[in-house]
Structure formats: C-alpha cells, structure tokens
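User: I would like a close look at one part of this model. Please keep it brisk and give the cut-offs as you go.

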Amino acid sequence: HGKRAATSAYPQWQDMFLARSASDLGRFGYNPRNEQLGALLPHAYHFDASEYGQYLRTLSEGRGVVRTEGRIASIERDKETGDVETIVMEGGKKIGADLFIDCTGFRSLLLGEALQEPFEDWSKWLASDRALVVQTEPADSTINPMTRSIAHTVGWQWHIPLQNRVGNGHVYSSAFSSDDDAYARLTKSLNGKVRS
C-alpha cells in the first residue's frame with residue numbers, strides 16, 4: 001500500500017488506457033461486432049456542423065418542413081396564457097406555431113424581449129466568458145482520430161480534425177486576457193493555414 005512514483009517500470013495511468021495509446025499511434029478503428037474491444041475503446045464522432053446542418057435541412061424539407069429566412073420584427077403573444085403565438089417578420093409575414101425555440105443569441109427576442117425572462121448570470125461559476133474559433137486547412141492528408149484539449153493559464157483550447165478542415169478554438173477569461181492576446185495564443189499553436 002503506498003504511492004509509487006511514476007517510472008519507466010510503473011507508467012502513468014493514462015499510458016495504460018488503450019484508447020490513448022491507439023490515438024497516440026494514429027490508429028483507431030471501431031468494430032461493432034466486437035463488444036469487448038468497443039468497451040476498451042470509448043469513442044465519439046465529429047461531424048462538420050455546417051455540412052450536418054445542411055443535411056438536416058435537406059432531410060427536413062424533403063419531409064415537408066418549410067424554411068423561412070428573414071428578420072423578426074415583432075412577437076405576438078396569446079392574451080390569456082402569455083405564450084408566444086406568432087412571430088411577425090419584417091415585411092409583415094406572420095408565422096404561427098405550437099413550439100418556438102429562441103435561437104436569436106444575445107438579442108434573445110423571444111425569451112428576453114417578448115417573454116421578459118431575466119438573464120441568469122453564471123459568471124461566478126463559469127470564469128471563462130469568451131471564445132474564439134478559427135478554421136484551418138488540414139496540415140496533411142492524415143486525420144488524427146482524436147480531439148486535443150489543451151490547457152492554458154486563462155482557459156483552454158480545442159483542436160478537432162475533420163475530413164476537409166480542422167476546427168480550432170480557445171475559451172478564456174476576459175478578466176485575465178485581452179482578445180488580442182487570446183488570438184495570438186490560439187494561432188501560435190496552429191499547424192495549417194487559417195481559412196478566412
């Protein structure tokens with residue numbers, strides 16, 4: 001009983017993790033017919049969010065979903081319940097539905113403006129309040145089958161290889177880093193050419 005120091009005879013715990021070793025060697029394969037091996041190689045899949053969104057759009061529209069683009073001018077609420085009843089677009093078109101999901105970001109047109117739901121500040125629990133995203137060209141034709149998460153003194157960074165690009169980002173705290181310093185920290189570690 002007692003702690004042993006890490007030595008070449010007694011490796012670090014992460015070196016005993018089969019999925020880590022496979023990733024370090026750039027070798028990974030999942031065979032659904034081999035459940036035992038699958039349990040030893042936990043995995044997830046990366047999807048290109050833009051292409052996946054386009055796929056879902058095509059699938060949905062093929063099944064009758066109608067897509068409307070435009071800017072929201074106002075919201076009409078049910079007089080009895082106060083629920084959002086209709087969205088009025090610029091130009092006057094009205095869109096009614098049983099379910100609305102507010103995807104207006106910081107504008108919060110449905111929740112904040114129309115329904116007057118207060119913003120809930122979580123900054124005392126979540127110190128990181130900024131994120132930068134940069135897409136790069138793949139440095140070579142090899143796709144390393146893992147996400148890299150890199151710790152920084154003021155946050156963390158991700159590196160996600162996809163088939164046609166690499167997603168990179170940096171989450172950080174503006175209390176401890178300027179936006180310019182965060183951008184320099186992110187781009188300093190990139191291998192491929194930044195996409196504009």
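In which helix is R185 found, and what surrounds that residue?

Analyst: First, the ground rules. This is a predicted model: local features need pLDDT of at least 70, side-chain atom pairs count only at pLDDT 80 or more, and totals for chains, interfaces and linings use all residues. Residues are numbered from 1 along each chain as its sequence is written, and side-chain values use heavy atoms, with hydrogens and water left out.

R185 is found in helix 5, residues 179-188. Helices (H or I, at least four residues) and strands (E, at least two) are DSSP runs, numbered from the N terminus. R185 is buried and has no salt bridge. Buried means under 20% relative accessible area, exposed over 50%, and partly exposed in between (1.4 Å probe, protein chains only). A salt bridge needs a side-chain nitrogen of Lys or Arg within 4 Å of a carboxyl oxygen of Asp or Glu. For R185, the nearest side chain of opposite charge is D181, 5.7 Å away. Here Lys and Arg count as positive, Asp and Glu as negative; His and the chain ends are not counted.

R185 does have a polar partner. Its side chain joins that of S177 in a polar contact of 2.6 Å. Such a contact is a pair of N or O atoms within 3.5 Å; within protein, one must be able to donate a hydrogen and the other to accept it, and residues adjacent in sequence count only if both atoms are side-chain atoms. Leaving aside residues up to four places away in sequence, R185 touches H152, V154, Q157, H170 and S177. Contact means heavy atoms within 4.5 Å.

One of those neighbours, V154, belongs to the largest nonpolar core. A nonpolar core is a set of buried Ala, Val, Leu, Ile, Met, Phe, Trp, Tyr and Cys residues joined through side-chain atoms within 4.5 Å.

D179 forms a salt bridge with R130, the closest N and O atoms being 3.8 Å apart. This pair links distant parts of the chain: R130 lies in strand 4 and D179 in helix 5, 49 residues apart. R130 also pairs with D129, at 3.6 Å between the closest N and O atoms. Shared partners join D129, R130 and D179 into one network. D179 counts as partly exposed because its relative accessibility is 41%. R130 is partly exposed too, at 36%.
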